[in-house]
Every structure is written in C-alpha cells, then in structure tokens.
Amino acid sequence: MRKIVVLFVVAFCLLSTGMRAQHTFVHKQSSTYEWPEDSLVLKKLDQWRDLKFGVIFHWGLYAVPGIVESWALCSEDVDWISRYGHNNYQEFKDWYWNGLSKQFNPTEFEPAQWAEVTKQAGMKYMIFTTKHHDGFCMFDSQYTDFSISRCAFKEHPKADVAKYVFEAFRKEGFMTGAYFSKPDWHNQDYWWDYFATPNRNVNYKIERHPEKWEAFKTYTHNQIGELMSNYGTVDILWLDGGWVSPRNNQDIDMPQIAAMARAKQPGLLVVDRTIHGKYENYQTPEQKIPEHQLPYPWESCVTLTTDWGWVKNPVYKTPNRIISILMEVVAKGGNLLLGVGPTAEGLIEQPTVKRLQEIGRWMQKNGKAIYHTRITPNYHCGNVWFTADKNGRTLYALYALPEGETLPAVIEWEGNVPERGTSVRLLSTGQRMKWIERDGKVAVTLPAKLAGSTEPIALQFDTPLPKQNKK
C-alpha cells in the first residue's frame, strides 16, 4: 500500500508540473554500483566528476517534422506515442523510413555554433547521439545505407556530421562522448520484417534464429568499432536501450565491446545505462534527481524543454529552474546532463541560445561553487544547497530561487556554521555579508541592492568539515 501511495504522488507531481506524458516513461535507475578497476578509467572518471555540467544532443530524422525521437516506430500502445496524423502504423513506418531521409538536409549545420553556445552556458562535456533506436546513423557507417552521409545531405562537405561535432567540441576543450542505441529498429537482424513488431524488443525468438542474433551482434560491434576508430579521441561511450541485455536474453557481449573500445580509446568511460555492473561506470537517472546523495558517480539527464530533440512549439524550463536543478544535483554528488535538440536545419535556435546564455552568465559568476566541488554531509536546508571545495575547508551555500519568487532579505539555514570570525561573502562579487548564528541556525543578511532580485546566489565561507568530506 505504501508503494502504491508513493507511485500515486510521483505521478501526480509529474502531471502538476506540466511535463508531457512521454516523460512518465524513463529507464529505471540501477540499484547497485561496481567501481571500475582500470586505473585509466578511474582517472578519467574523476576528471568527469569535476566537470559537473554537460550537454546531450538528440538530433536525427525526427527533427524534420519535430516529433518525439524514434518512439513512434514502436508499436507499443502508450499515450505518448502518436502517429502524427497518419492513418495507420504501416503508413507511418513507410513515411518515417523512406520519406524523412529524403527530406533531412541540414544545410545550416554549424557545429562551431553548438560548441560556442554550450561553452558560453558553462558546459564542460558533450554527448552526441550517433544513432538512436530508429537506426539512422549520424556518422558515416559502412555497414548501412541508413545514415546522414547517404541521404539528401550526402554531398555536403560536413556530411559525416559526427566527425565535425566531435572536432568542434574538442577544439573548445570539452570532454566528448558518443550516445549509441543498442537496439536498432531499422536493422533486419533486430526487427525482422518476416514478423510483426509488437514492442521495442527483438521481434523473433533468438533461440530459434541464432544466426540472425549473431549477425546483429557483429553489426553492433562493428559500428561501435567505427566510432572508436574513426572519430578521434572519444571519452565516453554512452549506451542506451537497456532492454538489450543478458537479463532480457539479448546479450550483445559487453565484455568484448568494452575491451575492443578501450583498446582503441584507453581510459574510455563506458555507460551501459541501467545495466548495473562493471560496464556502467556512472549511473544516469533520467528526468529526475535522486532523493538523497549517492556514494558513487552519477548524472541526472534532464531536458531543457519537455523533449530530448527539437519539437514544434517547445515548452522551456527557465534558466533559474536549470540552475536550481544543477545546484541540487551537484550538492547530492552528481553531474547534470542537459538535453538540447538542434533544428532540422542544423542550428540551435535562438530561444535556446538565449536561455543557455543566461545560465552561462550565472555560471561565470558562481561556477566556483559548482565545478571541482565535493559533497558535504549536511548538504541541504530549505532552499539552500551546500557544496565544498576539494580541500574541505571552503563551503558554498547556494540559494535555489523558487519559480516566481524573489530573494529574501535574510537567508537562513541550520548546521554548516561558519567558523567564528570568518567572512561570509557573496561569491559573485566578493562582498562581505553580515551574519549571525544562534542555536545552530545561521542568518545571513543580503545587501539591499539584492532585494527583489530574481537570480539565484551563492555564498562562500570557511567551516570545519569532517575528514571524509575531503574525498
């Protein structure tokens, strides 16, 4: 009964915040974690944990009509899958498979714009969707003709878009990652036309047709090999489609994939989402933030709008909302991966640019409380979230401003009391704040000029912390 009540409350909260129905479906988070043993992987994992803020781009055929990525091809009967005006399922599939690739011609594609805008936002790493579940490759794969480099865009000098995306972001100092869907609904060795497609899974019995599954495994290995061989340094292999796993009788031999990939990319982080074990180097709760701090690496992947890719008439989260999410995620020990969808023409549209720039202006002034920080035992009180620098002596208090509210005259919290005589400063300017402590409660008086401000703030001060916070 208690579980039923909790599920009801969660569902109600999702609806009440205006999230679209499709986001009530997310991949389940793993319940356990296994630390890597490879020293190069551990080193890169520590570097990744310092970055805190990244971007993921979903971009593919679905950008042309501005619809949910791939999922309308799946015949599951859920309320967030629509055929978008088509009369029947087969008609829709024919239009998607055969029509959109003839229309997808992003002649304004400029990855340098993507890199510039996201760098301005304060993002430090990037995940690019090289192939989603529909099987359409955003890289030049020799194993299929269903790719950006074989469609209407094939004569463009940047037809191998993944190559130029990775190059542009590496040039700006980003850590780079390749999203890759393990299921491939276009591949005849996964969805075989001989049978119907009842759901997202392989549509034939693997035990009856083992040769087809072996062919699909080879196809998957070969495509990941291409990404690891032909696209420069790749830091993260971000694998989606958790139903393709041994526990679901769809074993693609992850040990062999990881060994091959790391032979080509030493220290590669492998993120086999939702499949706990040695090939999920960090966890990826989707469209949510864990309730409490987690003692291992993780990232919340959250969309800027209500969708991963570009859609018509998007509903945006405000910059303050994203900043507040970032504060909470980092205080709980994670990274934030923000979903942005480029247009069918290949650009990040201006309303998105504007919001990312606003986030970036805040990060320029307050990023010290985000980047390279570590968690504290007392990490939350009301609207205040706490982080600490690596030496364990400087604490940051980040005030998450609720939507529609302005800064109060006094910010209060319990615990994390500054050392006697220490300065509490506004991080963005260094200005000293007046503060008092009474019975374990701290009250910081903000400058009069901040009265009525609608921008979150961060404070900095020294406090004695337990030794374990230095980890």
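This is a predicted model: local features need pLDDT of at least 70, side-chain atom pairs count only at pLDDT 80 or more; totals for chains, interfaces and linings use all residues.
Local features need pLDDT of at least 70, side-chain atom pairs count only at pLDDT 80 or more, and totals for chains, interfaces and linings use all residues. Residues are numbered from 1 along each chain as its sequence is written, and side-chain values use heavy atoms, with hydrogens and water left out.

Start with the domains. Select 39-369 for domain 1 and 380-462 for domain 2; these bounds come from an automatic or database domain assignment. The C-alpha centres of domain 1 and domain 2 are 37 Å apart. Contact (heavy atoms within 4.5 Å) joins 17 residues of domain 1 to 18 residues of domain 2.

Next, select helix 6 (residues 210-230) and helix 7 (residues 254-264). Helices are DSSP runs of H or I with at least four residues, strands are runs of E with at least two, and both are numbered from the N terminus. The two axes come within 9 Å and cross at roughly 20 degrees, the axes being lines fitted to C-alpha atoms over the stretch in contact, with angles from 0 to 180 degrees between N-to-C directions. Helix 6 and helix 7 are therefore roughly parallel to each other (angles under 35 degrees).

Show side chains here: Thr220, His221, Ile224, Gly225, Met228 and Ser229 of helix 6 meet Gln256, Ile257, Met260, Ala261 and Lys264 of helix 7.

Finally, select Asn87, in the loop between strand 1 (53-57) and helix 3 (89-103). Asn87 is exposed, at 69% relative accessible area (exposed is over 50%, with a 1.4 Å probe and protein chains only).

Conventions. Angles under 35 degrees count as roughly parallel, over 145 as roughly antiparallel, 65 to 115 as roughly perpendicular and the rest as oblique. Buried means under 20% relative accessible area, exposed over 50%, partly exposed in between (1.4 Å probe, protein chains only).
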